[in-house]
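Student: I would like to learn how to read charged pairs and backbone angles in a protein model. Could you walk me through one?

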Amino acid sequence: MKRKSPYTVAVTAFGPYREYSYNNSSAVLAGLPDHIPQKHKPPINILKYPHEINCIYTELLSLAPQLWNGKRSVYEPVSASTKPLEIDLMIHIGMHPDDDVWFFEKRARREKYELPGDDGKFLPKEALKGQPEKLHVDFDVDDIATRVRRSIPDDITVKPSSDAGLYFCELISYLSLAILDERKEFGRVVFLHVPKLREVESIERGIKVATALITECINSLPGDYKKTSRPI
């Protein structure tokens, strides 16, 4: 049976960190549409996490489960809805130091987070104990990157990546994927790395890339992703 109800996509972004007084990921998130219409398919509703995420390990460890706890108030604080929130896709956005490439991250690692957070504190040693060494996105990210390239201007460079940097960008991906891995669900999490350029044109490009990424991921979901832990 074809799905008729809208899809729900949750999107997060980071705030300033380390030597950067800004983070383009927040600007890209703010510029995303609230809805993406689709021809002959259900529309896509976008839920934007309303706070810039800080690069503080204890805060991130606490936040990740909240993002998946099924409460709409996490994304819409004024919402009085008690209906469980079903998230079809999670997109985390962060900034990398390169100038003009958008990366789709394919995996996240458990260990070697050796840099301190912005509060000067390190990732607690026991925080990820017992978790898998690596967790992979269950989408075919290479194929999605190819399809995204076809739907955006030719002068935008999009690449799949297997190295998210072993800092907060990679850690939030790992934490989200770990939640779905524990539930035995399809790993429907993608991290989008946007470049550091602050020009309006760069932000607009990032919005186009993120919108295309969301659309292609949604259209790549298996029919019953909550019972599909890995592609067959």
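This is a predicted model: local features need pLDDT of at least 70, side-chain atom pairs count only at pLDDT 80 or more; totals for chains, interfaces and linings use all residues.

Student: Is E111 buried or exposed, or in between?

Tutor: E111 counts as partly exposed, at 44% relative accessibility.

Student: How many salt bridges does the rule give?

Tutor: The count comes to 15 salt bridges. Another of them joins E76 and R72, with 3.7 Å from N to O. Here E76 is partly exposed, with a relative accessible area of 32%, and R72 is partly exposed too, at 24%. Salt bridges can also share partners: D100, D155, E201 and R205 are joined into one network that way.

Student: Which residue forms a salt bridge with D88?

Tutor: That partner is R3, and the closest N and O atoms of the two are 3.0 Å apart. D88 lies in the loop between α2 (57-67) and β4 (89-95), while R3 is in the segment before β1 (7-13), so this pair ties together parts that are 85 residues apart in sequence.

Student: Now for the backbone. What should I look for in the phi angle?

Tutor: Most residues other than glycine have a negative phi. One case is H40, which is not a glycine and yet has a positive phi of about 65°.

Student: Where is H40 found?

Tutor: Look in the loop between β2 (35-36) and β3 (44-48). H40 counts as exposed there, at 76% relative accessibility.

Student: What is the phi of L166?

Tutor: It is near 50°, again a positive value in a residue other than glycine. L166 lies in the loop between β8 (158-161) and α4 (168-183).

Student: Is L166 buried or exposed?

Tutor: L166 is buried, with a relative accessible area of 19%. The cut-off for buried is under 20%, so L166 falls on the buried side.

How values were computed
Residues are numbered from 1 along each chain as its sequence is written. Side-chain values use heavy atoms; hydrogens and water are left out. A salt bridge is a side-chain nitrogen of Lys or Arg within 4 Å of a carboxyl oxygen of Asp or Glu. Helices (H or I, at least four residues) and strands (E, at least two) are DSSP runs, numbered from the N terminus. Buried means under 20% relative accessible area, exposed over 50%, partly exposed in between (1.4 Å probe, protein chains only).
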